[in-house]
Amino acid sequence: MDKDTDDKLPFTAHLEELRKRLITSFIAVAVGFAICYGFKEKLFQILTQPLISVMNQGETLIYTGLPEAFFTFLKVSFLAGLMLASPVIIYQFWMFVAPGLYDREKRLLLPIVFLSTIFFVGGALFGYFIVFPFGFDFFLGFATETIRPMPSMKEYLSFSSKLLLAFGLVFELPLVITFLARLGIVSVPFLKKNRKYAILLFFVGAAILTPPDVVTQMMMALPLMLLYEISIVGARIFGKPKAAPQEDAEPASE
């Protein structure tokens, strides 16, 4: 099989393959960055819309250093370019993994690339449209007559990009678990048995990936619990079929 053939490849061949995949990914990101830089102001306006919508009238973001706005626009363009190039990056990753898979597993690569992109973008959109408005409204609720929020461009970009990336990654959970079930690494009984440990990990992970407030932590942990249940359904449908039990030997004739 291809997998057996690949096992005989020298280590330098794997390094060369990795180099080609990385170069292709870097080129895709560079092209995405060049395209997005032409729309940097509009992209930053879209990114800040959830915050602006809950701020009081007349309040705006600020920048406290002379080059801060310039570098913020560069980072926004890079992040947007990374999102634009994500299908290529995901495809290159799976193609690098492909030689270690059997033929029947390789047929799953294109659907996985497509679904990986959909799940990642869906997670980022969930964070943008659902989590951001509630989270920002919670943080701005601490403002008083003597305390006025003045978020800077740099701080907002760092905060929002980490959350968007975190939600995009955690929404890959059903796809990852279903793929592992297809390979026979995990099973439905295993997932059900360890559900309580998974829930504990979800809350711990949400506490690490989100700001130290209960609102955003719950808004990440709860969808993860739902995604885990979806993963179990996916594992049941697409998991590796059980091997047919061997027939018992015929009883000896009397």
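This is a predicted model: local features need pLDDT of at least 70, side-chain atom pairs count only at pLDDT 80 or more; totals for chains, interfaces and linings use all residues.
Residues are numbered from 1 along each chain as its sequence is written, and side-chain values use heavy atoms, with hydrogens and water left out.

A pocket is here an open set of points on a 1 Å grid over the protein atoms alone, where a 1.4 Å probe fits, with protein on both sides within 12 Å along at least five of seven lines; lining residues have an atom within 4 Å of a point. The space in the second largest pocket is about 310 Å³, a volume being the space filled by probe spheres set on the points, which are joined across faces, edges and corners. At least two lining residues come from each of α7, α9 and α12 (214-238), where helices are DSSP runs (H or I, at least four residues) numbered from the N terminus. The largest share, five residues, belongs to α9. The lining comprises ten nonpolar, two polar and one charged residues (nonpolar: Ala, Val, Leu, Ile, Met, Phe, Trp, Tyr, Cys and Pro; charged: Asp, Glu, Lys and Arg; polar: the others, Gly among them).

The largest pocket has a volume of about 980 Å³. Its lining consists of 31 residues, and Leu 79, Met 83, Phe 120, Ala 124 and Leu 164 are those nearest the centre. Two or more lining residues are given by each of α3 (40-52), α4 (68-84), α5 (86-97), α7 (109-140), α8 (153-170) and α9 (173-182). With eight residues, α7 gives the most. By class, 26 of the lining residues are nonpolar, four polar and one charged.

Helix α2 (residues 11-37) and α5 have axes that come within 9 Å and cross at roughly 175° (axes are lines fitted to C-alpha atoms over the stretch in contact, with angles from 0 to 180 degrees between N-to-C directions). The two helices are therefore roughly antiparallel (angles over 145 degrees). Contact (heavy atoms within 4.5 Å) between them involves residues including Arg 21 and Ala 28 in α2 and Ile 89 and Phe 96 in α5. Seven nonpolar, four polar and two charged residues take part.

Lys 40 is found in helix α3. Lys 40 counts as buried because its relative accessibility is 16% (buried: under 20% relative accessible area, 1.4 Å probe, protein chains only). Neighbours within four places in sequence aside, Lys 40 is in contact with Phe 73, Val 76 and Ser 77.

Key:
Angles under 35 degrees count as roughly parallel, over 145 as roughly antiparallel, 65 to 115 as roughly perpendicular and the rest as oblique. Buried means under 20% relative accessible area, exposed over 50%, partly exposed in between (1.4 Å probe, protein chains only).
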